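Reader: Hey, could you walk me through this one? I'd like the plain version.

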Amino acid sequence: MSQDPLQKLWQSNQLHLPIDEIMRQAKAKQHRMFWFMAIDVLVWLSVVIFASWHIHQNSMPGIFAIGVFSIITTSVLVGYLLWLRTSTWGIDSLDARNTLKLSIRRCEAGIQLGRVSVIYCIFIAFAVITFRNVYPEQFEQRSMFVYGWSIGWCIAYYIGYCWYGKKQRQQITRYQYLLTQLDLIDE
Amino acid sequence: MIYWKTWRTKSAIEQHIQTHLPMLERIVASYESRHALQQELLQEVVVAIWQAADKYQQDASIKTYMARIAQNRCITHVDKSVHNPDGGEVEEEMKVSESVTIEFEKEQQWQQLIAQVRQLPLQQKQTLSLMLEGFSYREIGDICGLSESNVGVLISRAKATIKHELKER
C-alpha cells in the first residue's frame with residue numbers, strides 16, 4: 001500500500017530533542033512531584049510533633065489550648081488538600097472532552113484550595129488574637145510580633161490567592177473555549 | 001515482588017518511550033511551536049506515560065496508549081501560552097523556517113506542514129496528526145472518543161485545509 005504524501009512528509013521528520021536529557025529530566029520531575037506530595041504530610045507531622053512537645057513540656061492551659069487547636073486545624077486543612085488533589089487524578093485514559101472537563105475541575109480545585117488557604121489563614125489570625133486576649137500571660141512580651149505575624153500572613157496569602165486565582169480562571173476560559181470547539185464538531 | 005514487577009514494567013515502558021519518541025515529539029510539535037516549551041511539554045508527556053505504565057492493559061497497542069496520553073497532555077498545555085495563545089509563535093516559526101530553508105528544503109516543507117497543523121481546530125488537529133502517524137480511523141476514534149465516520153469527516157476537512165494552504169504558499 002502506497003503511503004499518503006502528507007504522511008510521508010510528516011514521518012520524515014527526524015528527532016531534534018535530546019532523548020537522554022529528556023528521559024533524565026522526566027525521571028527527576030517524577031521524583032520532585034513525589035516530594036512535593038510528601039511535603040504536605042511532613043508539614044502536618046511537624047506541626048503535630050511540635051504542638052505535642054510543647055503541650056508535654058508546659059502544663060499551662062494556654063499552651064494546651066493553642067496546641068490542640070493547631071493540631072486539629074492543620075489536620076483538617078491537610079486532609080482537605082490531599083482530598084482535593086486525589087479527587088482530580090486520572091487524566092491518562094480519558095478522551096479529549098473528559099480530559100478538558102477534568103482539567104477545568106483541577107483549576108476549580110486549585111482556586112478552591114487557594115480560597116481555603118486564605119480562610120484558614122484568617123481563621124488562624126483570629127484564633128491567635130483570641131488566644132492573646134484569653135491567655136495574655138503567654139504573649140506578654142510578643143503582642144506586636146503576634147499581631148504583625150498573623151496579619152502579615154493573611155495579606156501574603158490573599159495576594160498569592162488573587163494572582164493564582166486569576167491564572168487559573170484564564171486557564172478555565174481557555175479549556176472552555178476548546179470544549180466549545182469540540183461541541184461544534186459534534187453538532 | 002511488587003517492586004520487582006513495577007521496576008520491570010517501568011523499564012519496558014522506558015524502552016517503548018525510546019522507540020516512539022519521534023511520534024511523541026511530532027505530536028508535541030503540532031501543539032507547541034517554541035523549542036524550549038516543546039522540550040518541557042515532551043517531558044510532561046514522558047512523565048505521564050511513566051506514571052500510567054502500571055495502568056496499561058494490553059487491550060490497545062502501546063503506541064495507541066502513548067498517543068492517547070500525549071494528546072491528552074498536549075490539549076491541556078496552556079499554562080505558558082494562555083496569556084497570548086496566538087502571539088509569539090509567528091516570529092519563532094519564521095526564525096526556524098528561515099534557518100532551515102538554507103540547509104534543508106525538506107525540513108522547510110515539514111515546518112510548513114507542522115505550522116499548518118498547529119493552526120487547525122482542536123479535533124481536526126488531533127485526528128490529522130494521528131492519521132499522519134499511521135493510526136487507523138478506528139484507533140483514532142478510540143483515542144479521541146469519536147465515531148469512525150466523524151474521524152473521516154474531520155480528516156478530510158483538515159487535509160483540504162492543509163493542501164489549500166500549502167498550495168497558496
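Author: Here is a short chat about the helices and their contacts.

Author: First, this is a predicted model, where local features need pLDDT of at least 70, side-chain atom pairs count only at pLDDT 80 or more, and totals for chains, interfaces and linings use all residues. Residues are numbered from 1 along each chain as its sequence is written, with chains lettered from A and ligands numbered from 1 in the order in which they are written.

Reader: Switching topic: which residues touch the most other members in the largest nonpolar core?

Author: That core has 47 residues, and L24(B), V28(B), V45(B), I49(B), A67(B) and A70(B) touch the most other members. A nonpolar core is a set of buried Ala, Val, Leu, Ile, Met, Phe, Trp, Tyr and Cys residues joined through C-beta atoms within 7 Å.

Reader: What is V45(B) in contact with, leaving aside its neighbours within four places in sequence?

Author: V45(B) is in contact with L24(B), V28(B), I69(B), A70(B) and R73(B). Contact here means C-beta atoms, placed from the backbone, within 7 Å.

Reader: OK, how do α2(B) and α3(B) cross?

Author: The axes of α2 (residues 35-51) and α3 (residues 62-75) of chain B come within 9 Å and cross at roughly 130°. Axes are lines fitted to C-alpha atoms, for helices over the stretch in contact, and angles run from 0 to 180 degrees between N-to-C directions. So α2(B) and α3(B) are oblique to each other (under 35 degrees is roughly parallel, over 145 roughly antiparallel, 65 to 115 roughly perpendicular, the rest oblique).

Reader: Who makes that contact?

Author: On α2(B), L41(B), E44(B), V45(B), A48(B) and I49(B); on α3(B), M66(B), I69(B), A70(B), R73(B) and C74(B). By class, that is eight nonpolar, no polar and two charged residues. Ala, Val, Leu, Ile, Met, Phe, Trp, Tyr, Cys and Pro count as nonpolar, Asp, Glu, Lys and Arg as charged, and the others, Gly among them, as polar.

Reader: Where does S136(B) lie?

Author: S136(B) is in the loop between α6 (122-132) and α7 (137-144) of chain B. With 13 other C-beta atoms within 10 Å, S136(B) is partly exposed. S136(B) and E148(B) are twelve residues apart in sequence, and their C-alpha atoms are 9.2 Å apart.

Reader: Last one: at what angle do α3(B) and α7(B) pack?

Author: About 45°, with the axes 9 Å apart, which makes α3(B) oblique to α7(B). T64(B), A67(B), R68(B) and Q71(B) in α3(B) meet E139(B), D142(B) and I143(B) in α7(B). The contact of α3(B) with α7(B) has two nonpolar, two polar and three charged residues.

Conventions:
Buried ≥ 20, exposed ≤ 12 C-beta atoms within 10 Å, placed from the backbone. Contact = placed C-beta atoms within 7 Å. Helix = DSSP H or I, 4+ residues; strand = E, 2+ residues; numbered from the N terminus.
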